[in-house]
Structures are given as C-alpha cells and as structure tokens.
Amino acid sequence: MLSQCEKKIEFSKTKNSRYIVKLKDIKRAIKFLKQEKNYNFLVDITAVDYLDFCEPKQKRFAIIYLLKDDSFDNLLVLKAYLNEDEIIDSITDLYEGANWSEREVWDQYGLKFKNHPNLKRILNHKEFVGHPLRKDYPMTKGQLCTKTDDLMDEMTPKLKAKGYENHDDLMFLNLGPAHPASHGTIRTFVALEGETIVGAVNEIGYLHRGFEKSCENHTYNQIIPYTDRLNYCSAILNNIAFAHTVEQMLGVELPDRGQFIRVIIGELSRIIDHLVCLAANLVDMGALTNYWYLYNPRETAYQLLSKLTGARLTNSYMRIGGMTHDLYDGFEDDLKECIKDVEKGMHDTLSLIEHNRIFQDRAQNIGIVTGDEAINRGWSGPNLRASGVNYDVRVNHPYYHYDTFDFDVVVGSQGDVYDRMMVRFEEIRQSIKIIDQAMKTLPGGSYSVADHSITFPLKKNVYSNIEGLMNQFKLVSEGVKVPNQEFYSSIEAANGELGFYIVSDGSGTPYRVKVRPPCFFSMATLSAMVEGEMIADAVLSLGSLNIIAGELDR
Amino acid sequence: MAVTGEEAIYGDSVITTKLDSAIAWARESSMWPYIFGTACCAIEFMSVASSKFDISRFGAEVVRFSPRQADLLIIAGTVSYKQAPILKKIYDQMTEPKWVMSAGACACSGGFYDNYTTMQGVDEIIPVDVYISGCPPRPEAFLEGLMQIQKLQAKPTKYLKKRAKREFKGRLDA
Ligand code: SF4
C-alpha cells in the first residue's frame, strides 16, 4: 500500500521515512501500518499552515503523523495536504493517544476530524474565536475569557454510559486548577459517590502561553530561553532537545567535549527533575519530611548551575552549535558535592519509605496502566518504563555517545504509582553513573562547532577584524540560517521522548515549531486511570505522572 | 520625654499603644500566603519555602490553599486569559485586609510572552500592591517582596490611605 504512495525523502541516518499520502488514504495507511507492520506507537500528530511559505504547496495546510514501530527504532512520517474545508478521518479508534492531539490540531488550526468522540478546544478557552496558529491570526491578538467551562458536556455522557441518569446521589468536585495537589494548573473534574470517583474529566490549557506561535517570530537562538520554560524543572534538557534538532538540520555535530558537557549537565537536570517529582509526590502522601530531604539537594545543584550558567532555574545554557561557555574551574568538585548531597537525600528518603508499610499500601496497585495501554496512549519516559516497556531514546536512538556509557534502562513490572516512583529513584542512580563515566572521560578541545555562520566568534575577533564583526552582526540580526526542510528529532528528557518537529524555510526564523511534549500523553490518560479509584489516590496518580504544566500546555 | 500612662506605674513590663497598631504588628509577623503558582516562578517559591531560604523566618510559612484563610496572594507564574477568571475568583474570595504580590515578569507584565494567550500583567484584572522582578525572581527577591508588604501594612502610610479609597475596575469587572 505504501509503495503506491509517493515516496519523498529517505533519512538514512535515523532510518526515518517520509511519505506523502492523499488525505483520503491517511486512515487506511495508518491502519495498515499498525496492523501489518506493528507501528503501535503514535509519536505525535501536528499540522502546518503553508499560507506564507516561501514556495507554493499544493494546498494550504498539511497534517502530519509521526509513528514508531514496536522496536521503537523506526520512525515514519506521513503527511497529507488539505484545504480548510476538507475533513480528516480521526484515528482515535486506533490510538487512544490521538484523541487530545487531534483536538489540539482542531483548536490551533481549525482542521476538522470525522468520527472524533469529542472534538472541542483543548488549549485555548471556550470563548476563543479563530485558530491562533494559522498564519493569518495576529500574534498578539488576545481574547478575554470571562467564564470557566463547567465541563458537564463531557461529564454527563460519561455518567450516562455508566448508568447514572440523574446526578442526585453524586457529588461534583473540582480538583484544580487552583489546588495544592494539582501540580501547577491542572484541572480534574470528578463526580464522586462517597469517596469513589465514578467519572473524571480533565481540562488543560491553563498554562498555554503560546510557545509555538512565539517561535515563529524569533530566531533559533532566541527560542532557547523559551525552551527553558517548557519543562522548567529540567530546563537544560529542553535546551538540548531543541539545539540538537536544529544542529541535525544544519548537518553539524558538536565536538566531543561539547557532547560530553551536554550529557553531564543533561543528566544532572534529569536528576533534579526526578527529585522535584518525588518530593512533591511524597508531600501529597503526607510524608513531608522527605520533601526537605529531596528538595535540599536541588539547592546545591542550583548553586552549581548558577555558577555555570548565571541562573538557578531558567538556565538557557545551550546555543545552536554549542553552549554559552565551557565548564568553570572547580566544576568537578562542585559536581561531586552536589552528587553527594543527592545520594544522601535519596538514602535518607528511601530509609524512611522503602520498607514502610504505609507508603507501600498507599502507592502499590494504584493507578495501574499496562504496557500495551501505555504504548497505545503514547506514553514515554519513566512512566512508560514503569509499565514494563523497555524504551529509552538514549538507547534506541543513541545520541551524544550514549551507546558507549554503561547504564541500565530501568523498567517496572506493575505500572502503578509505586513503580513510577521507584523507577525514578533508580534512574537517579543510573544518571549518577553516567555522569561519573562522562566526567572521567571528558575530552579536551573545543565545545562548540567552529563554523561562525552558526556560533559566535570570539569577542577579540569581533573587535579586531572585519570578518569577526560581520559574523557577529549577521548572527545577531539574522540568526542561524537553517536549510529549507522539515525535520523531527527527539531526545530522552526527564519525562520521556521530548521531540521537536521543525519546518524551516531557509531563513533564521523557523516557519513552524511543534513540540512533542511527553507529559501531554500521560495527562490524557489520567481521567481513565482515576475512575473507580478513591479520591485520595487520584492525587497520587496525578503526582506520579510528573505533569509539568509548562511542557503540557506550552 | 517623660514616661506617662501605664508605663509610668508598671515600668517596661507593659506597653500602651493603639489597637490598630497592635493588630498591624501581629499581622505583620504572621501573614498567611496563598500561592497562586502557575508556572516556573512557583518552582522558585518552593525554594523560598524550603530550608535554605526558609520563609518562616518572616512568619509567613503557613501557606494556605484556601483563599478565605489567606491574607497575602502571591501570584507566581504566567497568567493566561483562560486562567484569569480563576485568579479573579480567588482574589474576590479573600477577606480584607488582603495583599497582592505579583512575582516575576509574567505576572507583572506578561513577560516575554507577548502573544495571543498571555495576559499582559495581572493588574489588568486585580489590584497589585507589590511587584517583584525576575524571570523567575530569586528567592531573596520573594523575601524582599514579602518584607515590603509587611512594611506597607504596618504603618499608617499615605499608601494605606490611598489604598483604602481605591476604586479598582479590572477587565473582568463587568
Ligand atoms: S516570569 Fe519567567 S520564570 Fe516566572 S513564570 Fe514567567 S517565564 Fe516562568
């Protein structure tokens, strides 16, 4: 079937294939891929509006599907062109994970899906008029929201399906968006019978702050600070994911020292991200002491990071083609100190909870998600691994010499809250192992690519010769020029597969940037996870997924 | 100055003062904050609350998540248009005297999110007493903001008088 489609580009390096498919064939093609070729993992669905694109396209919009097969090694990109009035076949019956992604495409681009169970806005509010990611929607045209959605349009059919014709015996409760256990701005609207949840609906988008639209009028390097604020608990990993994607589009590779620095700082970010997640989880359980044990090492890491990057939280350390500067003198000692603190914090916490009956009773067999379900819903990262699926981008698509480091991919067996927490504890240990190895073998030399159409020249050249001055001027005023192409690449961020799909028109500003936020897919599962559970357990289920609103809502 | 009043009889074991000042003094050292934490700035607030920066040194560690029990609203994070009615509702539910601290670039002005979804400053919908800068503000800046509010409310300043007469009309006030 696919051979009939026009085959466009073959990515040799990452074994990615791209196909242009007719819109009416999309669903058939995906069904075929899923059923015959085991493309069971839907990475993402996104759209592009080619209205202002530098070269004409067949039709104004394109819808893009990214799929991976069972081995997670092969990525396939399917693309179909369409006009505004054409309708896309929904694939929610094939992949649960498609539900929210399709809603997002509708919300942002106004493209309609046939047979979608509930095609309504997801990121923007109910009163919003228009579709903001269309090129003709003005960047700064805000629209006031006066009322919050009561969500009964989703809740009533849900309850009806469970046999609740009237709601007299039920109590409705909003968990969030302003709730201490809602981890930012997440809203879970539940219907309770006693303390048991009989129906749950999630609403997101409260922290939608237009990342993707903002990318469209900033140069590639100016976007780095925005990426910090996706998953702000591990800002640098987001920097790396973005810079790594753009570097591949440019066809450059960092010198080894640069790659090693990214590994070291990236793993440190993963550690501190897991620390916050675990600390918050335990607070939700009432185990407050552990919050101090786990959070305080973060302070040591903050000190190291502010010494290195100038900022505690929003570091913006990476640049396209490298990073702002090299490690400082004495970095190694500070890092050791930091890791010692992390180990101590972990040890103290684990000695309180590991064999603690209360903890085990609270966390085990709660919020179970099986491996198959997790894949079908597009989970990745520690959450997916906790469900027993062995998928880690660092191993399946090794970048930055990850294949040469000795570390284990941590997998769980039950896929419950307990596993998700324990996987994170063990991942901290593995990250420490990687950091140790990387520090021991850290090569010397340059840390950035030497091409000055990508990275800034040394200041002394800027001041003393015309070539340096021109390089600097062009980079600041026009940005790094990225060849005209569409590209997807991902890394293993703290929450899983963090990918960027970038459309470039050859200028210094991306034409379109789509983030594949790992926790978006976990979040879409929450309502199904908590139905039938006790309300107190719903809080733990949410916490164990590590939903970071900045990444979720973008 | 000659000592008069009760102090003249009992020495420094008693202090006479105005009731208002006594209450203001008590309030100053026990502000109960409500954290309206939506984004990255809220993570910095976690640091403010933990051991190293320890907000309890300033008497404000009793973080309340019920607006009815809180007297200091700290807005830490980006407020989108979708979020705005919620913020307003929470502000309205707080009882007087209430104070508002807008923490970080986003809450103060929309920060670098000048786009279709982000409110360009929370003062478009609710009145703000103290703005603190930073993206995110360092924990010290949060504490500085807290001390400013403590100072503002402790003494009968011009600001308090002006504030009492203030008629605020935000974009969500019909
Ligand atoms: S001010 Fe900066 S750190 Fe704070 S919420 Fe806004 S973007 Fe995040």
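Which residues lie nearest the centre of the largest pocket? They are A:Pro180, A:Tyr291, B:Ala42, B:Met46 and B:Phe65, out of 38 residues that line this pocket. The model is a predicted one. The points below cover the pocket and then a sheet in chain B.

**The largest pocket**

- The volume of the largest pocket is about 1000 Å³.
- Two helices of chain A, α7 (256–284) and α8 (288–309), each give two or more residues to the lining.
- From chain B, β1 and α3 (40–49) likewise give two or more residues each.
- Sorted by class, the lining holds 27 nonpolar, nine polar and two charged residues.

**The sheet of chain B**

- Chain B has an open sheet of four strands, which run in the order β1-β2-β3-β4 with parallel pairing.
- Strands β1 (33–37) and β4 (130–132) of chain B are the edge strands, and each of them pairs on one side only.
- On average, neighbouring strands of this sheet are turned by 15° against each other, with direction ignored.
- Strands of a sheet pair through backbone hydrogen bonds, in either a parallel or an antiparallel way.
- Five bridges join β1(B) to strand β2 (residues 72–76) of chain B, in the parallel sense.
- B:Tyr34 has B:Leu73 as its bridge partner in β2(B).

**The helix on the sheet**

- Helix α6 (residues 139–154) of chain B packs on the sheet and touches β2, β3 (99–103) and β4 of chain B.
- The direction of helix α6 of chain B makes about 155° with that of β3(B).

**Where the two topics meet**

- Strand β1 of chain B is an edge strand of the sheet, and β1 of chain B also gives two or more residues to the pocket lining.

Terms used
Residues numbered from 1 in each chain as written. Chains lettered and ligands numbered in written order. Predicted model: local features only at pLDDT ≥ 70, side-chain atom pairs only at ≥ 80, totals over all residues. Heavy atoms only, no water. Pairing = 2+ DSSP bridges. Axes fitted to C-alpha atoms, helices over the stretch in contact; angles between N-to-C directions. Contact = heavy atoms within 4.5 Å. 1 Å grid on protein atoms, 1.4 Å probe; cavity = no way out; pocket = protein on both sides within 12 Å on 5 of 7 lines; lining within 4 Å. Points joined across faces, edges and corners; volume = space filled by probe spheres on them. Nonpolar A, V, L, I, M, F, W, Y, C, P; charged D, E, K, R; others polar.
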